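Here are some notes for a first look at this structure. Please keep the model open while reading.

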Amino acid sequence: MNMNQWRKKEFEDPDVADDIIAYSPSAVIDRNTNDFCRRIDGHYYTKKSFVFPPYHDGCRTIVVPVHKYLYDKNKPIEIFPAKDIPK
Ligand SMILES: [Zn+2]
């Protein structure tokens, strides 16, 4: 199990799942960052639509849970652009 699969399991734990309203990818931003990862970085996505990384070879994006009491209410919760994941 890779790190992100492990985190997914952790987020789906019934003790915490109800407090997590969305997922937010966090990319390492530098000149090697993939365009897709740069685009989704920091956005909020519905849990239902979310696809966990890695999105491409060498992907360094991780997933941050969006907690229902601790999030930026000005940011929309979007549908994850799964169709744009790099092939
Ligand atoms: Zn990536």
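1. Start at Tyr45. Setting aside residues up to four places away in sequence, Tyr45 touches Ala22, Tyr23, Phe50, Ile77, Glu78, Ile79 and Phe80. Bear in mind that this is a predicted model.

2. Which residues make up the largest nonpolar core? There are five: Ala22, Tyr23, Tyr45, Val66 and Phe80. Tyr45 belongs to this core, and its contacts include the core members Ala22, Tyr23 and Phe80. Tyr45 also lies in strand E2, which spans 44-45.

3. Now the overall fold. The protein has three helices and four strands. Along the sequence they run α-α-β-α-β-β-β. The radius of gyration is 13 Å, close to the 12 Å that the globule rule gives for 87 residues, so the protein is as compact as a globular protein of that length. Its C-alpha atoms fill a box of roughly 35 × 35 × 25 Å along the principal axes.

4. Two totals are worth noting. Buried residues account for 14% of the 87 residues. Take the contacts between residues at least 6 apart in sequence: 69% of them join residues at least 24 apart.

5. What kind of peptide bond joins Pro53 and Pro54? The bond is cis, with omega about 10°. This deserves a check by eye, as most peptide bonds are trans.

6. Thr61 sits in the loop between E2 and E3. Is Thr61 buried or exposed? Thr61 counts as buried, because it has 21 C-beta neighbours inside 10 Å and the cut-off is 20 or more. Beyond its neighbours within four places in sequence, Thr61 is in contact with Pro25, Ser26, Ala27, Cys37, Pro53 and Tyr55. One of these, Pro53, is a partner in the cis bond. Ile21 is another matter: Thr61 and Ile21 are 40 residues apart in sequence, and their C-alpha atoms are 19 Å apart in space.

7. Asp57 is found in the loop between E2 and E3 as well. Asp57 counts as exposed, because it has 7 C-beta neighbours inside 10 Å and the limit for exposed is 12 or fewer. The C-alpha atoms of Asp57 and Asn34 are separated by 9.9 Å. Along the chain, Asp57 and Asn34 are 23 residues apart.

Notes. Residues are numbered from 1 along each chain as its sequence is written. This is a predicted model: local features need pLDDT of at least 70, side-chain atom pairs count only at pLDDT 80 or more; totals for chains, interfaces and linings use all residues. Helices (H or I, at least four residues) and strands (E, at least two) are DSSP runs, numbered from the N terminus. The radius of gyration is taken over C-alpha atoms; the globule rule is 2.2 Å times the number of residues to the power 0.38. Two residues are in contact if their C-beta atoms, placed from the backbone, lie within 7 Å. A nonpolar core is a set of buried Ala, Val, Leu, Ile, Met, Phe, Trp, Tyr and Cys residues joined through C-beta atoms within 7 Å.
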